[in-house]
Amino acid sequence: MLLLISGPVATRPEVRAAMTVDIAPWDDDTRPFYVSLRHRVLAIAGGVEGEHITLPLQGCGHFITEAAIRTFIPLGGRLLIPATGAYSDRMTRLAREAGRVPVPLAIDTQRRASREAIVAALEADPSITHLGMVYSETGSGVVHDVPAICRAVAPLGRRVIVDAVSAFGALPFDLSQHPEVDAIVFTANKCLEALPGVAFAVCPMTRLAECGGNAGSWSFDLTDIYTHTQRYQEGSARFTPPSQVLNAFGVAMDLFEAEGGQPARLARYTANMRTLYDGMVGLGLVPYLAREAQGPIIVNIHAPADPAWDLKQFVELLKERGYLISNFYNTEKPSFRVGCIGAVTPEDMRGFTRSVDAVLHDMGIRRREAA
Ligand SMILES: *Cc1c(COP(=O)(O)O)cnc(C)c1O
């Protein structure tokens with residue numbers, strides 16, 4: 001079964017095979033391996049040794065996003081969250097339930113967020129200390145120009161938390177150029193093509209040192225992970241780490257580097273997205289985003305107008321042909337969504353397109369234009 005979803009993504013068999021071992025996390029043979037993982041991740045983020053540090057956290061993307069919010073924004077602190085879609089809504093809820101004050105900024109969810117609008121909102125409210133920004137909005141498929149947005153807010157003295165969960169490893173980010181960023185957060189199981197169970201933040205060490213006592217949670221305190229690292233070295237974990245997941249992550253890093261790193265991954269995902277987008281248009285279906293707004297991570301396609309359309313049945317019939325897509329959608333109007341990330345190639349997208357055509361036929365769908 002080929003997963004064409006936004007995560008956990010399809011992985012290579014070598015990655016999965018690395019799960020089948022017993023590991024003692026504190027063993028002297030394991031610790032140098034954990035150290036090396038942290039430095040390899042730092043390099044992808046453009047982090048500077050001695051200035052930035054990679055902080056692993058057991059769990060998923062929501063956990064690391066909450067940890068960043070709790071660590072860098074004090075209780076009652078305010079953060080601007082451009083409402084990009086489903087994932088900015090999640091950041092908003094995480095912030096609110098952690099006792100921080102999210103300030104949503106309404107934007108057109110089908111386009112890249114405007115830098116000017118974000119700058120204006122921050123200038124209008126000096127009490128907002130942070131911008132919380134989703135890099136690739138997995139709900140819509142839009143990739144926002146987060147490096148440019150960061151550069152625009154830096155002169156205002158505001159700090160940035162970047163949700164790069166569906167971006168990191170494919171879309172470029174160079175922390176060495178972004179002193180305004182407190183954290184870029186992501187997981188193993190999206191564009192890094194590893195398995196779920198571990199998330200990461202890459203952060204400036206000076207900011208971590210300043211932010212002790214904010215979190216109000218031991219589990220979700222990035223400063224505590226940082227100080228533990230300083231005291232017990234980088235190969236040491238505070239609590240039991242997902243050892244097998246980290247072992248598989250090491251293999252995924254080998255494959256990432258062998259492929260040519262971030263630029264190669266972006267090129268493959270972009271080719272996947274274009275093949276899929278063109279394929280769907282060729283079938284008479286209507287993508288949700290205009291070509292110029294479509295990012296390389298996930299493509300939403302409008303549900304066909306035909307009364308025979310049934311998302312659940314569509315997904316089941318595609319599954320019988322070996323492709324698994326999401327059985328839900330995050331767009332305002334009904335749609336189906338297809339991930340372009342993971343161990344997937346343009347050839348896979350051509351095969352998928354043929355299967356979509358066949359399944360629409362089998363379902364008796366004639367009207368393929370947007371509902
Ligand atoms: C997947 C995703 C998350 C959350 O990840 P979980 O691992 O499901 O908690 C957060 N933000 C974005 C943009 C994502 O795509």
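Reply: A backbone N or O atom of Gly61 lies 2.8 Å from an oxygen atom of the ligand. This is a polar contact, meaning a pair of N or O atoms within 3.5 Å; within protein, one must be able to donate a hydrogen and the other to accept it, and residues adjacent in sequence count only if both atoms are side-chain atoms. The side chain of His62 has an N or O atom 2.5 Å from an oxygen atom of the ligand, and for the side chain of Thr138 the corresponding distance to a ligand oxygen is 2.4 Å. On its own the ligand has 380 Å² of accessible area, and the protein covers 87% of this (Shrake-Rupley method, 1.4 Å probe).

The model is predicted: local features need pLDDT of at least 70 and side-chain atom pairs pLDDT 80 or more, while totals for chains, interfaces and linings use all residues. Residues are numbered from 1 along each chain as its sequence is written, and side-chain values use heavy atoms, with hydrogens and water left out.

The residues around the ligand (a heavy atom within 4 Å of it) are Cys60, Gly61, His62, Tyr87, Val134, Ser136, Thr138, Asp163, Val165, Ser166 and Lys190. By class, this shell has 4 nonpolar, 5 polar and 2 charged residues; Ala, Val, Leu, Ile, Met, Phe, Trp, Tyr, Cys and Pro count as nonpolar, Asp, Glu, Lys and Arg as charged, and the others, Gly among them, as polar.

Now the backbone elsewhere. Gly7 and Pro8 are joined by a cis peptide bond, with omega about -5°. Pro8 belongs to the loop between β1 (2-3) and α1 (13-17); helices (H or I, at least four residues) and strands (E, at least two) are DSSP runs, numbered from the N terminus.

Glu193 is not a glycine, yet its phi is positive, near 60°. Glu193 sits in the loop between β7 (181-187) and β8 (197-204). With a relative accessible area of 6%, Glu193 is buried (buried is under 20%, exposed over 50%, partly exposed in between; 1.4 Å probe, protein chains only). Gln233, also not a glycine, has a positive phi of about 80° and lies in the loop between α8 (222-232) and α9 (243-259). Gln233 is exposed, at 59% relative accessible area.

Gly197 is in strand β8 and is partly exposed, at 23% relative accessibility. From Met1, Gly197 is 196 residues away in sequence and 21 Å away in space, C-alpha to C-alpha.
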